[in-house]
Amino acid sequence: MAGHSKWANIQHRKGRQDKLRSKLFSKLAKEITVAAKMGDPDPDKNPRLRMAVKEAKSQSVPKDVIDRAIKKSQGGDAENYDEIRYEGYGPGGVAVIVETMTDNKNRTASTVRSTFTKNGGNLGETGSVGFMFDRKGQVTYPASAGDADTVMMAAIEAGAEDCESSEDGHVIICADTDLNTVSTALEAELGESDSTKLIWSPNMTTELDLEGMTKLMKLIDALEDDDDIQTVTSNFEASDEVMEQL
């Protein structure tokens, strides 16, 4: 999780908030539509939809946008999206996983490939970097949810694998298949979480200097600007000194 948990701080400092926010809203709405279309439109009967709605709420997506996204899934004109994962290397040999939802596979493949190439990276085959990550469930709580010991005990009892607490809050990690069970148990104990989602957690990292981080951020920015791309995860690690200079 090394680099990825710091990524929000980088974005915050870059003054792209409004643009990022509207893109984030549309990506979260797309995930809600797909989740509702694949299962039941009732979040209580559809774990994936429940997680998507919770994630949208945690990012302050308005209720009418959420309701509209669910309704859209039930209409005959709802687009069919394919979920495709791309893997590659960014500048400095950093591993990058790109998750997409697209209604045009050729367009997305071409965009992802050219974005990697233009920004000093190269797209690999599926599985080329996947082994450097583990698929995990992640539940986050604000610091106000409780002290480190209280949250750790709740996490252990819920069946989580790990819990990290800091002044920014609590991050609880579990097996991907246990996310629904663990998050439900945590909610009963600690209340509503800030975020509940599946992540790619690096099991090995690549250290980058300032130049390498600057190049990597250009690549990630370019990827995240594309409407077909839902998430971008990389296994970079950088010192606090480097992060502060960005």
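Which residue just after H6 takes a positive phi? I looked it up: Gly159, with a phi of about 95 degrees.

**Ground rules.** I am working from a predicted model, in which local features need pLDDT of at least 70, side-chain atom pairs count only at pLDDT 80 or more, and totals for chains, interfaces and linings use all residues. Residues are numbered from 1 along each chain as its sequence is written, and side-chain values use heavy atoms, with hydrogens and water left out. I took helices (H or I, at least four residues) and strands (E, at least two) as DSSP runs numbered from the N terminus.

**Overall.** I noted nine helices and 10 strands for the protein. The radius of gyration is 18 Å, close to the 18 Å from the globule rule for 246 residues, so the protein is as compact as a globular protein of that length. That radius is taken over C-alpha atoms, and the rule is 2.2 Å times the number of residues to the power 0.38. The C-alpha atoms fill a box of roughly 50 × 45 × 35 Å along the principal axes. Of the 246 residues, 44% are buried; buried means under 20% relative accessible area, exposed over 50%, and partly exposed in between (1.4 Å probe, protein chains only).

**Helix H6.** I then went through residues 148–158, which form H6; its buried residues are Val151, Ala154, Ala155 and Ala158. Down the helix axis they fall within an arc of 100 degrees, so they line one face of H6. The arc is that of the directions from the helix axis to the C-beta atoms. On the other side, Asp149, Ile156 and Glu157 are exposed. The cover over the buried residues includes strand S5 (162–166), strand S6 (169–175) and helix H7 (179–190). At the N-terminal end, Asp147 is the cap, with a side-chain oxygen 3.2 Å from the backbone nitrogen of Asp149.

**Strand S7.** I checked residues 195–202 next: six of the eight are buried, so S7 is largely enclosed by the rest of the structure. Strand S4 (residues 133–141) runs antiparallel to S7, joined by eight bridges. Gly137 stands opposite Leu198 in S7. Pairing requires that DSSP find at least two bridges between two strands.

**The four-stranded sheet.** I read the order of this open sheet as S3-S1-S2-S9, with antiparallel pairing. Strand S3 (122–123) and strand S9 (229–234) are at the edges with a single partner strand each, so one side of each has no neighbour in the sheet. Five bridges hold the antiparallel pair of S2 (residues 95–102) and S9, and I found Thr100 opposite Ile229 in S9.

Definitions and conventions: Contact = heavy atoms within 4.5 Å. Polar contact = N/O pair within 3.5 Å; in protein donor to acceptor, adjacent residues only side chain to side chain.
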